[in-house]
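Good morning, colleagues. Please look at the sequence and the model as I show them.

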Amino acid sequence: MVRWNFLTHTNIRNAKTKKKIFMESAYGLAERFLLMLVGKRSEMKMDREEIYEMVIREMTEAAVRERNEHSPEDQALQDQVAKLREQMREKTKDLPEDVKKAITEYVEATLLAADHDCMYLYVQGAKDCVAFLKKLGVL
């Protein structure tokens with residue numbers, strides 16, 4: 001099962017400024033590209049699709065961080081998710097391992113499916129925007 005690293009509300013709240021968040025994202029993205037380019041050609045495993053996915057993921061994460069930073073509703077939702085996560089850990093700690101594993105796999109699969117939906121919708125939104133701009137004669 002693939003595990004994705006999601007930012008927690010605490011991480012978002014600890015960010016000092018939008019500029020700092022943007023710079024950290026930009027440096028992280030630049031570092032990934034640099035490491036990829038510096039590696040030997042035979043060791044490079046990323047193809048164009050993986051690079052595009054990485055860029056889209058970085059852009060969506062930066063947008064979500066910025067939205068969460070300025071939206072009390074989204075901050076409240078993140079607080080609620082953190083509280084529910086702790087409640088779930090507490091309530092499932094005494095369950096048999098196979099039951100905990102099944103629950104964990106279900107939650108991870110659900111989050112992965114939602115992540116794939118978000119990626120698809122982000123790309124589709126960009127395509128729709130370009131098509132609309134072409135229709136308007138801007139492009």
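This is a predicted model: local features need pLDDT of at least 70, side-chain atom pairs count only at pLDDT 80 or more; totals for chains, interfaces and linings use all residues.

D115 counts as buried, because its relative accessibility is 10% and the cut-off for buried is under 20%.

Which side chain meets that of D115 in a salt bridge? The partner is R57, with a distance of 2.9 Å from N to O. R57 lies in helix α3, residues 48–70, and D115 in helix α5, residues 97–136, so this pair ties together parts that are 58 residues apart in sequence. R57 is itself buried, at a relative accessible area of 13%. The pair also belongs to a network of salt bridges, in which E53 is linked with R57 and D115.

I turn now to helix α5 again, and to another pair. K101 and E105 both lie in this helix, four residues apart, or about one turn. Their side chains form a salt bridge at 3.8 Å, N to O. Are these two residues buried or exposed? K101 counts as exposed, with 52% relative accessibility, whereas E105 is partly exposed, with a relative accessible area of 35%.

A further salt bridge joins the side chains of E90 and K93, at 2.8 Å from N to O. E90 counts as partly exposed at 47% relative accessibility, and K93 likewise counts as partly exposed, at 46%.

In total, the structure holds seven salt bridges, among them the R57 and D115 pair with which I began. Thank you for your attention.

How values were computed. Residues are numbered from 1 along each chain as its sequence is written. Side-chain values use heavy atoms; hydrogens and water are left out. A salt bridge is a side-chain nitrogen of Lys or Arg within 4 Å of a carboxyl oxygen of Asp or Glu. Helices (H or I, at least four residues) and strands (E, at least two) are DSSP runs, numbered from the N terminus. Buried means under 20% relative accessible area, exposed over 50%, partly exposed in between (1.4 Å probe, protein chains only).
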